[in-house]
Amino acid sequence: MSYQVLARKWRPRSFREMVGQTHVLKALINALDSQRLHHAYLFTGTRGVGKTTIARIIAKCLNCETGITSSPCGECSVCREIDEGRFVDLIEIDAASRTKVEDTRELLDNVQYAPSRGRFKVYLIDEVHMLSSHSFNALLKTLEEPPPYVKFILATTDPQKLPATILSRCLQFSLKNMTPERVVEHLTHVLGAENIPFEDDALWLLGRAADGSMRDAMSLTDQAIAFGEGKVLAADVRAMLGTLDHGQVYDVLTALIDGDARSLLEAVRHLAEQGPDWSGVLSEILNVLHRVAIAQALPEGVDNGHGDRDRVLALAQALPAEDVQFYYQMGLIGRRDLPLAPDPRGGFEMVLLRMLAFRPADSDNAPRQPLKSVGINPATVDSQTTVAGAAPVAPTPAPVPAATAPAPVLEKPAPVTPPAPAYAPAPVEEVDLPWNEPKAASPISEPEPEPEPVPASVAEDIPEPVLDTVAEQPELTPMPTPAPASPVPDAPEVESQEHIQAAAEVVTPAMLEHVPDAVPYVPAPMERDDEPPPDDDYYEPDVDIDPASFAYLDDLAHDTAEAVEKEPELLPAAKPATGLAADWLDLFPKLPISGMTGSIAANCTLISVDGDNWLLHLDPAHSALFNSTQQRRLNDALNQYHERTLNLSIELIKPEQETPAQAAARRRADRQRQAEASIHADPFIQQMLEQFGARIREDTIAPVDAPAVQTP
């Protein structure tokens, strides 16, 4: 006897042998038992879910020699002929190969003839959506009012292509895809009956590969039996399908939870040995994270479609909810950008390393130690290391005392320019960057013209104090020209406050009148610093300054003040805290919490304490940050502080008394008002307002956290 494939050998022959589709079978069984028969049925669904099988079972139910029943005998000649595919009154038509209107008219010409053997003549039209529009029009009248002994059963995988006139004349049933659990259950029964050894993991791989089709699952099982020499093993099925080992996805997630970069890259290396689709691997990780999020919200809602429900629940307990959402979002963005990566594996590794580097800092499972640098010796990175194209920093000699300085030689006096700084910044423990060095001559800029020698008559007019000042300046090693490979345009010059002050005191406009083609020197703008300058940077000039000459500075300050971002509005004031609310203000700073949990606790107030049962009210405006994880962390902090177990309850009700966040905002506002009042009352500030027409920028006033340390 020739071999028969499993899909045909195990085709259901009655409704009770059907797997799944309960919603369809219930309606058909009740209709057959009550003799409420429709003349046209339409079955829709993907391939291999049982459309043709149900149609043949209906034909047996209608023509069984025992009568019209939902349970045909399967023994009579009619049932056997239908099972063997040779029943004359069951006409199966493939609409994909007979799409012409002539074929439909030929079919309808035979409708008028009564059945030969059975009670009903059953027309089974498969893939009916392939008929042409003319064929549908020819079928309409007969489909609406067929002879009483004719039943039409239509089957299609694409009901959207059917005209509405056809849909309205049929009793429509939509068959669902088979779940992996249902497929694995049926394969277990079939392989057990066939005495074929198998592994559960192999059946789960086949169930997922079937993609909802029971017929595909049976065909893949036949292929797996042949591949595994009579056995269905997970390794063989995985090699046959070329699918990813799902356990390796959990290895990657475990390395992420542990914060272990070495294990993470090792897991990627094992994945690379299979030559996977890296976008598909990232999709599998996202699917697992999605199921973990479901497990955290509703544990009983996790499906076992991959046979790994226990591992998903374990991950749900190990990963905080915010970490799951963070990893999922990073994975989505990384999967979108993966085609832009130079190498798919490199892009996949960068996504994982980005997850590892930017994980939430307040996570319970954050790495306990920082990641170690691989292949870099910290001793090789010091202040002597320079960047390609940057000019090396010249050593700064010690200043030469004025008494030992050599006498100046005035054979070729140069134009008076501000002297170079007489100091160099202390070396730092980082790599020198081009913008941290003094600006050298740019290799792409035009060379400056050679200055004309100063006539002897002009040199005689230069006062002696100027010559003494020049003589006191130490000799500096000339700065080498940077390599032209990587010029740094517009690098800011480094100037010292002492140098600018000395130049301003010595060089006067009268001196510059004797120097031809002299260009006034404008100091380079200093880097903006948010910290106020020290007190010794302010000095009172010896000359009278016209306040009108600085009017442009007032306009600049006014424009800058408008551009500065305003401070956020303070929290609305609340009633002063009393009783338990005041106790919560005192307790909050002592709790070992921070991050989101600290923000949640700062916007709560204590309402009642009944033994070990505590009730807090949380402002609903901050409910977006609140979840079960934050409540658990706050409860753990209270248990740790009180050294006993407390039962914490949090309700989303706006507190009537002051919360710690509102108390802190009130204290900041009080300190800000005190600081502003102190500035306005300062006699030195008032003198500057009166003498120089100065103006106070209110947005720059900030209270001092600690008293300033006076240095001698």
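## Exercises on a predicted model

Among contacts (heavy atoms within 4.5 Å) in the protein between residues at least 6 apart in sequence, 76% join residues at least 24 apart. This is a predicted model, in which local features need pLDDT of at least 70 and side-chain atom pairs count only at pLDDT 80 or more, while totals for chains, interfaces and linings use all residues. Residues are numbered from 1 along each chain as its sequence is written, and side-chain values use heavy atoms, with hydrogens and water left out.

**Exercise 1.** Find how helix 14 and helix 17 are oriented to each other, and which residues make their contact.

*Solution.* Let's start with the elements: helices are DSSP runs of H or I with at least four residues, strands are E runs of at least two, and both are numbered from the N terminus. Helix 14 covers residues 278-297 and helix 17 covers residues 344-357.

Next comes the geometry. The two helices pack at an angle of about 25°, and their axes are 9 Å apart. Axes here are lines fitted to C-alpha atoms over the stretch in contact, with angles from 0 to 180 degrees between N-to-C directions. Angles under 35 degrees count as roughly parallel, over 145 as roughly antiparallel, 65 to 115 as roughly perpendicular and the rest as oblique. Helix 14 and helix 17 are therefore roughly parallel.

Finally, the residues: helix 14 contributes Trp 278, Val 281, Leu 282 and Ile 285, and helix 17 contributes Pro 344, Arg 345, Phe 348, Val 351 and Leu 352.

**Exercise 2.** Decide whether Lys 60 is buried or exposed, and list what it touches.

*Solution.* Then apply the cut-offs: buried means under 20% relative accessible area, exposed over 50%, and partly exposed in between (1.4 Å probe, protein chains only). Lys 60 has 2% relative accessibility, so this lysine counts as buried. Beyond neighbours within four places in sequence, Lys 60 is in contact with Arg 13, Pro 72, Cys 79, Ile 82 and Asp 83.
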